[in-house]
Amino acid sequence: MIPDRQKIIAQLGVEDDGISHADIAWYIEVLITAGAWIGSIALVLPIAALFGFANGSEAGLALPAILMVGIAFFLLRRPGGGPFLRQFASTIALVGEALLVATAGSLTESVLAAAGMAVVLLLVSLRFLPQASIQFPATIATLGLIILGVGIEYHLWAIDLVVTIAVALGTYLLISPPHRLDLRGFATALVFLGPLVLSMGELGMGSELGNDDWHPGRAAQIILIGVSLWLVWQLRFFIRERLILILLAVAVFVLGILMPAGLYGSVIFLLIAYALGSTPWAFVGSIGIIYAISRIYYNIGLTLMIKSFLLGGAGIVCIALWIIAERASRVSKPHG
Amino acid sequence: MANEEITVSDIHRLVVAGKIPSDRYLQSRSLLRNEDKWRQWARLALLALGVGQIIAAVIFFFAFNWAEFPDIGKFAVVEILTVILVGFAIVVGFDRPLGQAAGIAAFVSFGVLLAVVGQVYQTGADAWTLFVIWAGLGLPFMISLRSAVGWLVWLVVALLGASLYAEQVLVADGRMVSDMIPILLGVILALALGIREFLAKKQFREAGPFWIRLVLLAAVLAFWTFSASAAIFESNMLTLGVAALVFIRISGFGVVCAGVLRLALRPFYDMPALTMIFLAISTVLSLALGRALYFVFREDFSALFMIGIAVMGIFGGAAVLLLRLSQRRIP
């Protein structure tokens, strides 16, 4: 089904500017991206290495790095240019930014200084370069550095806290995008990293069943549950039946308590997929769940028996909600 | 004149431009979505999540108690599960997706039973026997199931059997070199793709949906690309045996690419298949050129620089060709 532009524009009550997004099939984008990335890295690295070696110090890398970022800005900010050139410029920008971060890190010998430089460059990119191909990897790398810095300086629970705050911010930006800035790549990366990191950390009320002490990591768990409940609230535009919405909220809350954080993060993916009507999010969420369940098996913090009860309990909640949703759909069909 | 279509990217752009308030973004996107389809997806996701977690819980439960289980209990658990799944598949019907899913699960469960036999009796047999017996005994069941996905699962088991047999018997006895294993698997996969296309042409149910073709094509190309890439980096190419093997791998890659290209161009342009083929050809070409340039320039910076230009040229050319083909889908 191809949505009728004029009809939708009229329903939205906005003025049509006539610009249409030219979609290229994602698999062709993958080929273009792979070629542009491999090619530009092979082109750029010898130049960067040459400057570094010629100067004899790390600071020598700063010059080609700034040059690369400058060229990328020029190529990306000018109108026109095909997808291959766009990916080429994005790669140059990323390599340049990575070199600047590495220079800052090696000069100060501090991970936090490198993370600080990465944050500054990320903010500049977010403001001036809307390309998701820059925002996504730059955000992942920056968050990775912050996690590393926080992990070294503080405790593991701080990582959980940083990551869940990132998930919350990313979810908000995906569901309610801001004016003037296209932050889809940034927001996607913030949410994307959540389950991957959380499934490795010590977060999850389930993993602390035997521990009665207040654990700061639980604050992170509460943030995640809050994010899910907010997402359920956003679904009111699509799910008109109040009872289903309330039951979904209850189920999401119970799952938040039962499920380890990595698995619960993938449930957030599925909620985002439903809210946005996005097949890629649904696909990644499904893969994330399989990955998280396999990770849980190898978690040495819990016995297999407790893991079995937690997963079984969460499974029963899902099945119960499925039965209710099936009944509701059967009841609504004859009237609909 | 505005384009007649509207996409979610257009909606997002209108929000960024300030024409639609941020808090109306979801509502605006909802105008483009098929609500029934997403509701059905949500119910399926809930069911899959629930069943998946309960199955994982059952597996974890048995894993916890496995050592304490008597041998007869171990067999009983897996056998009862297999019988239940087969019975369910027969009751529901092999022609329905749920029945086919149960049938496939029964085939997998039968493999687990064979593994339990091996574990309990410590037969000491090589691993290949498990997969070959599994594939062999499961063959009549698969023929009656008539499921394309079932055949895909069966093929994975058969390939594992063939690969392990080659590694543990033929290579160990010196009757085969290990470099031939990807070629063997590549040939089996190419045959499977050929059979699938024949069945699709004759409109047999076993051919399955279109994505089965793409999965098989991806597997064929992956094995032959790996094989040809390894051949490019072979040392001692002047030795007769090595040169012959390099020739077989590279010419085999060429023949496979020509065959699947023909398949992807008729009767219509199959763009996902064409993209995979172009990706495979570009990868092998880039590696071959890279090896040649490295041979000429050695460890000079200019070698890396030239490789960069070559890769960009090859992939850029492939991208331009693909974009042009995608604009005129019908030959």
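**Figure 1. Helices α4 (83–108) and α6 (132–153) of chain A are among the elements that cover the buried residues of α5(A).** The model is predicted. The buried residues of α5(A) are A:A114, A:A115, A:M117, A:A118, A:L121, A:L122 and A:S125. They share the same side of the helix, because the arc they cover around the axis is only 160°. A:L123 and A:R127 lie on the other side of α5(A) and are exposed. The helix has 18 residues. From first C-alpha to last it reaches 26 Å, close to the 26 Å expected at 1.5 Å a residue.

Figure 2. For chain A as a whole the mean pLDDT is 78. In this chain, 82% of the residues reach 70 or more. Over residues 200–214 of chain A, pLDDT stays under 50. For that stretch the model has 28 contacts beyond four places in sequence.

**Figure 3. Chain B meets chain A through 70 of its residues, which are in contact with 69 residues of chain A.** On the chain B side, the elements that give two or more residues are α1 (8–16), α2 (25–30), α3 (35–65), α11 (271–297) and α12 (301–327). The largest share comes from α3(B), with 20 residues. By class, the side of chain B that touches chain A has 41 nonpolar residues. A further 18 are polar and 11 are charged.

**Figure 4. Helix α12(B) has 27 residues, with buried positions that include B:L304 and B:L322.** Its span from first C-alpha to last is 39 Å, close to the 39 Å expected at 1.5 Å a residue. Also buried in α12(B) are B:M306, B:I307, B:G308, B:V311 and B:M312. B:I314, B:F315, B:A318 and B:A319 are buried too.

**Figure 5. A:G313 sits in helix α13 (residues 304–335) of chain A.** A:G313 counts as partly exposed because it has 18 C-beta neighbours inside 10 Å, whereas a buried residue needs 20 or more. A:D160 is 153 residues from A:G313 in sequence. In space, the two are 24 Å apart, C-alpha to C-alpha.

Methods
Residues numbered from 1 in each chain as written. Chains lettered and ligands numbered in written order. Predicted model: local features only at pLDDT ≥ 70, side-chain atom pairs only at ≥ 80, totals over all residues. pLDDT = per-residue confidence, 0-100. Contact = placed C-beta atoms within 7 Å. Helix = DSSP H or I, 4+ residues; strand = E, 2+ residues; numbered from the N terminus. Nonpolar A, V, L, I, M, F, W, Y, C, P; charged D, E, K, R; others polar. Expected span 1.5 Å × (residues − 1). Buried ≥ 20, exposed ≤ 12 C-beta atoms within 10 Å, placed from the backbone. Arc of directions from axis to C-beta.
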